[in-house]
Amino acid sequence: MKNRRTFLKTACKPIVLAAFGIPILEACSTEETPESSTSSGSQSQATPKEPLQIDLTSSQFLDLEVVGGWINYRDEDLLLIRISANEIRAFDNSCPHQGNRDRWSFDGSKFTCGYHNNSYSNSCSGSLTCYTTEIDGTILTVNL
Ligand code: FES
């Protein structure tokens, strides 16, 4: 009797159930199965995008010829603004409030989203996501 109790306490449950004629498909091991390296979400990294090159001579960028000129370049989801002869800033055109992209206005120092009239500085230290840019001749490179 003592041996039977000891057996029931120490044997893994599937073996006990099998001893009573109850089939069950379960391993007795208590070790955790290591996850495959492809299933781990915590180690995934965002793939950096290729820099975007924009030909500023294209007619859709004419507003960027003058300091203070800006466009909402919706093809690439960017707000572009000419800061000086040698600088054009690029921001993600997703509103920090709710992510809308298509109702922007600019008053000379800040962008305003028309959905709820929140305004954001045209500084790269503001709330809009800012990308570094380079101008080489008529080519603007935006490092996304
Ligand atoms: S979505 Fe832009 S202010 Fe609300």
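**View 1. Contacts across the chain.** Of the contacts in the chain with a separation of 6 or more, 36% link residues 24 or more positions apart; two residues are in contact if their C-beta atoms, placed from the backbone, lie within 7 Å. The model is predicted, with local features needing pLDDT of at least 70 and side-chain atom pairs counting only at pLDDT 80 or more, while totals for chains, interfaces and linings use all residues. Numbering starts from 1 along each chain as its sequence is written.

**View 2. The chain and its elements.** Here you will find two helices and nine strands, in the pattern α-α-β-β-β-β-β-β-β-β-β. Helices (H or I, at least four residues) and strands (E, at least two) are DSSP runs, numbered from the N terminus. Among the 144 residues, 15% count as buried, meaning that 20 or more other C-beta atoms lie within 10 Å of a residue's own.

**View 3. The largest nonpolar core.** This core, a set of buried Ala, Val, Leu, Ile, Met, Phe, Trp, Tyr and Cys residues joined through C-beta atoms within 7 Å, has 16 residues, and Leu78, Leu79, Leu80 and Ala90 have the most contacts inside it. Two or more residues each come from β3 (78–84), β4 (87–92), β6 (110–113) and β9 (139–143). The largest share, four residues, belongs to β3.

**View 4. A sheet of three strands.** The open sheet runs in the order β5-β6-β7 with antiparallel pairing; strands pair if DSSP finds at least two bridges between them. Its edge strands are β5 (104–106) and β7 (119–121). Three bridges join β5 to β6, and Phe106 has Phe111 in β6 as its bridge partner.

Conventions. Buried ≥ 20, exposed ≤ 12 C-beta atoms within 10 Å, placed from the backbone.
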